[in-house]
Amino acid sequence: MITTRHFSIDQLGDAAELLREGQLVAFPTETVFGLGANALDAAAVGRIFVAKGRPSDNPLIVHLASRDELSRIVSHVPEVAKALMDRFWPGPLTLVFAKSAVVPCSVTAGLDTVAVRVPAHPVATELIRLSGVPIAAPSANRSGRPSATTWQAVSEDLEGRIAGIVEGAPTQFGLESTVVDVSTSQVTLLRPGGVSLEALQQVVPGIQVYDMRSNAAGSDQQPGSLEGMNQTVNSPGLRHRHYQPKARILLVKDMVSQPRTAAEPSAFIGVSEPNDAPKFTRILVCQSVEEYASSLFDFFRQADQVGAKSVYCESVPEVGIGAALMDRLRRASES
Ligand code: TXA
Ligand code: MG
């Protein structure tokens, strides 16, 4: 156990000093909280995997304060990447490039590519700038658990395991960044997230969608099989258990057809009022799919706190942020 120091957003200089010393500091971004380390220090990066209990074959995203620092860590920036950066940076879009020699293997899990993003969050930007180095940061949760969208959730998972937590406000999107591979001539969406497929298609009409369920890239998302997932997956993080609270997650189209045992405490989250609302221990009816997305991971943690054994989650159409929300719900519901 180590003592975790808590920083307010006007103590970023102290937090940056810990990062420069090779320690781990959690900080807010517009998507979820990140667990940062100096990306150029292999020992510091190694500490991330220990603190999270993260499998070492799952590569990390490198965060920059601005696009100007990109040339240091990537070896080639294709034209299509420039167009995507012009449109979506700073913001919730991670791009996968061919890496430069300065990036340690532990950051990329031995791949010859590196994932990079410039967050659109003043605290994240200032912390990275003050640290003076690129910051490798996965989501700030124990591996397999729901991502942290509040500093309290970071503390719940990582207090005593990391050097510092920056206590920013709850995150805006609540789901992680979209990951797009621009390292080959075929641009491929690897993980849906804060930037929608429809928005990406406006810049790259020919973008391919990687379907983790059938483990193959196709031009559209088709339901596929779960078999073979461990073979040729090109975004290693996609195959690990993810986003799971202790409660069982049940993805439901409508509550009318859902049998429920009254004895078991359960929770509901969605955009429509369930007909048997009073029977739920905890319930959240959101005003929009955006609110549903930004509330989901915190709701999972609340459901655990009130002892719910299952969380009923309403399905939503897979457009806009709905695609990322359904991706997380599907993966959280897989056992
Ligand atoms: O919004 C976010 O992206 C948050 C905040 C903190 O920035 N970070 C985040 O990191 O979600 P993490 O580690 O939970 O997810 C990183 C994802 C994984 O799916 C991983 O496989 C993929 O990015 N990734 C990282 N490097 C990659 C690479 N070189 N090639 C393909 N996928 C990569
Ligand atoms: Mg994560």
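Figure 1. Helices here are DSSP runs of H or I with at least four residues, strands are runs of E with at least two, and both are numbered from the N terminus. Keep in mind that this is a predicted model, where local features need pLDDT of at least 70, side-chain atom pairs count only at pLDDT 80 or more, and totals for chains, interfaces and linings use all residues. Residues are numbered from 1 along each chain as its sequence is written, chains are lettered from A and ligands numbered from 1 in the order in which they are written, and side-chain values use heavy atoms, with hydrogens and water left out.

Figure 2. Which residues of α6 are buried? In this helix, residues 122–131, they are V123, A124, L127, I128 and S131. "Buried" means under 20% relative accessible area, "exposed" means over 50%, and "partly exposed" is in between (1.4 Å probe, protein chains only). Looking down the axis of α6, you'd find the buried residues within an arc of 125°, so they line one face of the helix. That arc is taken from the directions that run from the helix axis to the C-beta atoms. On the face turned away from the buried side sit the exposed residues P122 and R129. The cover over the buried residues of α6 includes α1 (12–20), β2 (25–27), β4 (61–63), β7 (135–136) and β8 (164–166).

**Figure 3. Helix α1 against helix α6.** Two packed helices are described by the angle between their axes and the distance between the axes. For α1 and α6, the angle is about 55° and the axes are 8 Å apart. The axes are lines fitted to C-alpha atoms, for helices over the stretch in contact, and angles run from 0 to 180 degrees between N-to-C directions. α1 and α6 are therefore oblique to each other. Angles under 35 degrees count as roughly parallel, over 145 as roughly antiparallel, 65 to 115 as roughly perpendicular, and the rest as oblique. α1 passes α6 in a right-handed crossing; the near helix is turned clockwise from the far one by less than a right angle in a right-handed crossing, and anticlockwise in a left-handed one. From α1, L12, G13, A15, A16, L19 and R20 meet V123, E126, L127, L130 and S131 of α6. A contact here means heavy atoms within 4.5 Å.

**Figure 4. Helix α9 beside helix α10.** How are α9 and α10 (residues 321–333) packed? Their angle is about 25°, with axes 9 Å apart. α9 and α10 are therefore roughly parallel to each other, and their crossing is left-handed. On the α9 side, the residues in contact include Y292, L296, F297 and F300, and among their partners in α10 are I321, L325 and L329.

**Figure 5. Aromatic rings that pair up.** A pair of aromatic rings is described by the distance of the centres and the angle of the planes. Rings of Phe, Tyr and Trp (its six-membered ring) pair if their centres lie within 6.5 Å; planes under 30 degrees apart count as stacked, over 60 as edge-to-face and the rest as tilted. By this rule there are four aromatic pairs. The rings of Y243 and F297 have centres 5.3 Å apart and planes at 15°, so this pair is stacked. Y243 lies in the loop between β12 (216–218) and β13 (248–252), while F297 is in α9 (residues 289–305), so the pair ties together parts that are 54 residues apart in sequence. Both are tucked away: Y243 is buried at 1% relative accessible area, and F297 is buried at 0%. The rings of F280 and Y312 have centres 5.9 Å apart and planes at 70°, so that pair is edge-to-face. Finally, ring pairs link Y243, F297 and F300 into a cluster.

**Figure 6. The loop between α5 and β6.** A109 lies in this loop, and its phi is near 55°, a positive value in a residue other than glycine. A109 is partly exposed, with 26% relative accessible area. L111 is in the loop between α5 (105–108) and β6 (113–117) too, and is partly exposed at 33%.

Figure 7. The peptide bond from W89 to P90 is cis, with omega near -10°. You can find P90 in the loop between α4 (79–88) and β5 (93–98).
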